[in-house]
Amino acid sequence: MRIELDEGKCCGLGMCEAEAPDLFEVQDDGSLAVLNARPGPEQLERARAACSACPAGALQLVEA
Amino acid sequence: MNDLVVVGASLAGLRAVEAARAAGFGGRITLIGAEPHLPYDRPPLSKQFLDEVAAGADEPSTVFHDEAHFVDELGVTLRLGEAATALDPAGRRVILGADTVPYDAVVIATGAHARTLPAGRGLAGVHALRTVDDAHSVRRAMDTAERVVVIGAGFIGSEVAASARKRGLPVTIVEALATPLVRAVGPELGLAIAQLHAKHGTDLRCGAGVERLLGEEKVTGVRLTDGTELPADLVVVGVGADPATGWLEGAGLTLDNGVVCDEYLCAAPGVYAAGDVARWHNPLFGRLQRLEHWTSAAGQGEAAARNALDPENAKPYLTVPYFWSDWYDSKIQFVGIPDADETRVVDGDVTADRRWIALYRQGDRIVGALAVNGQADIMKYRRLISERASWQDGLDLAERRRRSLAAKSAEAVGSATRS
């Protein structure tokens with residue numbers, strides 16, 4: 001599975017970072033860094049929670 | 001368990017039906033909504049939704065999904081434009097006027113109604129902002145408005161003011177309390193945030209009561225209790241919202257500033273609540289809370305549906321409250337609770353700097369954090385608060401963040417000098 005970020009939709013609200021700080025980090029300029037776009041099996045549940053928590057609908061977990 | 005009924009078709013209701021299917025529930029789901037619209041997102045309504053629409057361009061929409069998503073993909077029966085009129089917990093049915101819908105479990109997610117001013121009823125040019133219909137009205141009114149008065153300096157009022165300023169309109173905000181945002185972020189920091197208004201040319205008047213609205217059919221101004229008259233052809237009223245519990249009178253539930261629930265969001269056997277209407281016991285802070293925040297509506301909708309469908313394995317819903325607001329070119333974010341023994345600005349200067357961070361202490365625990373343009377910081381504090389971390393942990397994190405930013409800016413200066 002792969003995390004896809006739509007930078008146009010992201011507004012840096014940080015819900016993903018709250019769910020999965022090992023996968024996401026909001027940067028000083030408000031943009032989002034995906035720290036690991038291919039979460040390991042032990043990270044998958046958190047990745048899913050983070051993607052569905054996005055208020056802007058900017059994150060998707062897709063088959064890869 | 002055959003029938004799940006969700007009353008309220010906004011974010012919490014949407015998340016409830018999605019969570020029910022995600023949990024493998026194969027029974028009937030009915031989603032009842034008083035508004036005729038498909039579930040839509042509310043935060044943009046007081047922000048970019050109010051921007052001018054270019055001639056010929058489509059009107060904005062914040063609808064989450066089309067009808068097919070609900071009917072075909074989720075197998076949900078939609079009853080939109082129909083307000084629930086009563087709940088019969090003993091008979092396990094929701095009453096919709098002359099009709100009834102039976103349930104095995106019900107999730108109440110009817111949200112809140114915007115408060116109005118008695119003086120403003122029936123006067124054209126006076127609007128509340130809660131629903132998408134309200135937002136369309138305010139946006140269109142801004143297209144022709146010449147002077148705007150916003151009543152209430154809360155988040156909705158402040159966002160509307162910022163949107164009007166973006167269009168170049170003169171705006172005055174009238175706030176009854178001496179300091180704005182006291183309930184949301186506390187008195188000192190409410191005042192600090194409110195400086196953004198002055199910086200962007202919005203005239204904020206605190207401690208100003210509204211005596212009456214002027215005008216015969218259309219509003220022409222606002223008269224304050226001190227006799228001041230503010231001319232206006234658009235008045236937006238943002239004086240808070242009350243939980244939509246009127247239809248639950250007599251149902252035997254505890255109604256006290258919302259539907260009172262336990263930590264499982266359960267109000268009575270088979271009856272759960274979520275979103276702005278729910279006042280539940282948040283175990284993280286050991287108190288009843290009613291939140292009007294996007295994130296808790298989403299989380300509670302999901303949790304309430306899961307618990308409603310499988311009460312044996314119900315899980316408590318804990319959260320660190322989080323809200324954000326966009327004013328002018330600034331983002332305001334708050335996590336936690338604002339009632340504190342002490343607040344301390346740990347980064348930046350509230351008067352001079354664009355970016356600053358403040359922390360809230362209760363006893364020796366960090367319970368809240370407020371960031372203005374501190375998006376990289378806020379979730380780090382939220383994590384500490386959710387871990388019930390100490391005040392010192394909060395101060396230590398602030399110190400680490402200050403050092404890291406200082407190092408980065410020194411690096412940037414260094415590389416600029418070299419190049």
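Predicted model: local features only at pLDDT ≥ 70, side-chain atom pairs only at ≥ 80, totals over all residues.
Residues are numbered from 1 along each chain as its sequence is written, with chains lettered from A and ligands numbered from 1 in the order in which they are written. Local features need pLDDT of at least 70 and side-chain atom pairs count only at pLDDT 80 or more, while totals for chains, interfaces and linings use all residues; side-chain values rest on heavy atoms, with hydrogens and water left out.

Let us start inside. A nonpolar core here is a set of buried Ala, Val, Leu, Ile, Met, Phe, Trp, Tyr and Cys residues joined through side-chain atoms within 4.5 Å. Buried stands for under 20% relative accessible area, exposed for over 50%, and partly exposed for what lies in between, with a 1.4 Å probe and protein chains only. The largest nonpolar core has 125 residues, and the members that touch the most others are Leu87(B), Val94(B), Ile108(B), Val185(B) and Tyr381(B). Its top contributor is helix 7 (residues 294-309) of chain B, which gives eight residues. Helices (H or I, at least four residues) and strands (E, at least two) are DSSP runs, numbered from the N terminus. Apart from this core lies another one of 15 residues, including Val149(B), Val174(B), Val222(B) and Ala232(B).

Contact means heavy atoms within 4.5 Å. Not counting residues up to four places away in sequence, Val94(B) touches, among others, Val5(B), Ile32(B), Leu87(B), Tyr103(B) and Trp247(B).

The strands of chain B come next. Two strands pair if DSSP finds at least two bridges between them. Strand 5 (residues 93-96) and strand 6 (residues 99-102) of chain B run antiparallel and are joined by four bridges, with Arg93(B) opposite Pro102(B). These two strands form a hairpin with two residues between them, and Gly97(B) in the turn has a positive phi of about 60 degrees.

Elsewhere in chain B, three strands make an open sheet of mixed pairing in the order 18-21-22. Strand 18 (259-261) and strand 22 (287-289) each have a single partner strand, so one side of each is left without a neighbour in the sheet. Strand 18 pairs with strand 21 (residues 278-282) of chain B in the parallel sense over three bridges, and Val260(B) has Arg279(B) as its bridge partner.

Rings of Phe, Tyr and Trp (its six-membered ring) pair if their centres lie within 6.5 Å; planes under 30 degrees apart count as stacked, over 60 as edge-to-face and the rest as tilted. There are seven aromatic pairs over all chains. Trp280(B) and Tyr317(B) have ring centres 5.5 Å apart and planes at 50 degrees, so the pair is tilted. Trp280(B) sits in strand 21 and Tyr317(B) in the loop between helix 7 and strand 23 (322-327) of chain B, so the pair ties together parts that are 37 residues apart in sequence. Trp280(B) is buried at 0% relative accessibility, and Tyr317(B) is buried at 10%.

A further pair joins Phe334(B) and Tyr360(B), with centres 5.2 Å apart and planes at 90 degrees, so this one is edge-to-face. Phe334(B) belongs to strand 24 (residues 330-336) and Tyr360(B) to strand 26 (residues 356-362) of chain B, so the pair links parts 26 residues apart in sequence. Both residues are buried. Ring pairs also link Phe334(B) and Tyr360(B) with Phe155(B), Phe323(B) and Trp327(B) into a cluster.

What about the cysteines? A disulfide is taken as a pair of cysteine sulfur atoms within 2.5 Å, and the structure holds zero of them over all chains. The sulfur of Cys10(A) is 6.3 Å from the closest cysteine sulfur, in Cys11(A), which is too far for a bond. Cys261(B) is in no disulfide either, and its nearest cysteine sulfur, in Cys266(B), is 7.3 Å away.

Leu181(B) has a positive phi near 65 degrees and lies in the loop between strand 11 (171-175) and helix 5 (182-185). Leu265(B), in the loop between strand 18 and strand 19 (266-268), has a positive phi of about 70 degrees although it is not a glycine. Leu181(B) is buried at 8% relative accessible area, and Leu265(B) is buried at 0%.
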